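Please look over the following structure before reading the briefing, which takes up its helix and sheet packing, its aromatic and charged side chains, and its loop geometry.

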Amino acid sequence: MSEVTVEFQKVGKRFGNRTVLAAVSGALRPGQVLVVAGPNGAGKSTLLNILAGVLRPSKGEVAYRRSDGPVPRTHWFENLGVAAPDMAVYEELTALENLRLFARLRGLHRSGPEHTALLEELGLSSREHSRAVGTYSSGMKQRVKLAQAVLHEPAVLLLDEPSSNLDGAGHDAVARLVARFRGRAAVAVATNDPREMAWADARIDLAL
């Protein structure tokens, strides 16, 4: 997939009378990690949802661009990988079955060994692949969410608190994943974790 830059200008979001974001500008560029920091409630997740196209901004603009021109909003999803705490996985399925389903939904033709290798890269051992995700700990479910986010090698990767519920080994696995995608994708990380903030090539600090 070709490189994609995400530009956002004076993005704001209101929910009723409450302003969550006010005139935030920046860019996600291939080969860089943009860290979005700020206290809880400052709008970090809201900004990532706007960049993903899940929310429409109340004001401002978001544009996906390739070297040959803009990417239509209807095609953002093809370029995008997202992992966030409020995302769901299919708890009655195994981790491998979840990845196979996500692959089919994206029209991918990936082999079982590729799925297995990705799960093991994120710290899910082979003995855990046959268990229903509903039996997993919160940290193990987080690993499945991260795997589905990068399954299709996205050009834009949005990670909301990616190390949440993970132990030290899990954080290290996420750090390796971010390092791998930094070289090929535009990456944004919403976080208050100092270890994740250290990944930043650029940073936006939001305030309440």
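## Briefing on the predicted model

Apart from neighbours within four places in sequence, glutamine 148 is in contact (heavy atoms within 4.5 Å) with Val82, Met87, Leu99 and Phe102. The model is a predicted one, in which local features need pLDDT of at least 70 and side-chain atom pairs count only at pLDDT 80 or more, while totals for chains, interfaces and linings use all residues. Residues are numbered from 1 along each chain as its sequence is written, and side-chain values use heavy atoms, with hydrogens and water left out.

**Sheet**

- Parallel pairing joins the 5 strands of an open sheet in the order β6-β7-β8-β3-β9, where strands are DSSP runs (E, at least two residues), helices are runs of H or I with at least four residues, and both are numbered from the N terminus; two strands pair if DSSP finds at least two bridges between them.
- The edge strands, each pairing on one side only, are β6 (80-83) and β9 (202-205).
- From one strand to the next the twist averages 15°, with axes fitted as lines to C-alpha atoms, for helices over the stretch in contact, and angles running from 0 to 180 degrees between N-to-C directions.
- Strand β3 (residues 33-37) runs parallel to β9 and is joined to β9 by 4 bridges; valine 36 stands opposite isoleucine 204 in β9.

**Helix α5 and two of its residues**

- Helix α5 (residues 138-150) packs on the sheet, where the helix touches β6 and β7 (156-160), and its direction makes about 175° with that of β6.
- Glutamine 148 lies in helix α5 and counts as buried at 10% relative accessibility, given that buried means under 20% relative accessible area, exposed over 50% and partly exposed in between (1.4 Å probe, protein chains only).
- Arginine 143 is also found in helix α5 and is buried, with a relative accessible area of 10%.
- A polar atom of the arginine 143 side chain lies 2.8 Å from the backbone oxygen of leucine 122.
- Leaving aside neighbours within four places in sequence, the contacts of arginine 143 include Leu122, Gly123 and Leu124, as well as Asp167 and Gly170.

**Aromatic rings and charges**

- A search of the whole structure finds 1 aromatic pair, for which ring centres of Phe, Tyr and Trp (its six-membered ring) must lie within 6.5 Å, with planes under 30 degrees apart counted as stacked, over 60 as edge-to-face and the rest as tilted.
- Tyrosine 64 and tryptophan 76 form this pair, which is stacked, at 4.2 Å centre to centre and with 10° between the planes.
- Tyrosine 64 belongs to strand β4 (residues 59-66) and tryptophan 76 to helix α2 (residues 76-79), so the pair ties together parts 12 residues apart in sequence; both tyrosine 64 and tryptophan 76 are buried.
- Arginine 73 lies over the face of tryptophan 76, at 4.8 Å from the ring centre, where a charge sits over a ring if NZ of Lys or CZ of Arg is within 6 Å of the ring centre and within 35 degrees of the ring normal.
- The charged end of arginine 106 sits over the ring of phenylalanine 77, 4.0 Å from its centre.

**Loop between β7 and α6**

- Most residues other than glycine have a negative phi.
- Glutamate 161, in the loop between β7 and α6 (168-182), has a positive phi of about 50° although it is not a glycine, and is partly exposed, with a relative accessible area of 31%.
- Asparagine 165, placed in the loop between β7 and α6, has a positive phi near 70° and counts as exposed at 55% relative accessibility.

Technical notes:
A polar contact is a pair of N or O atoms within 3.5 Å; within protein, one must be able to donate a hydrogen and the other to accept it, and residues adjacent in sequence count only if both atoms are side-chain atoms.
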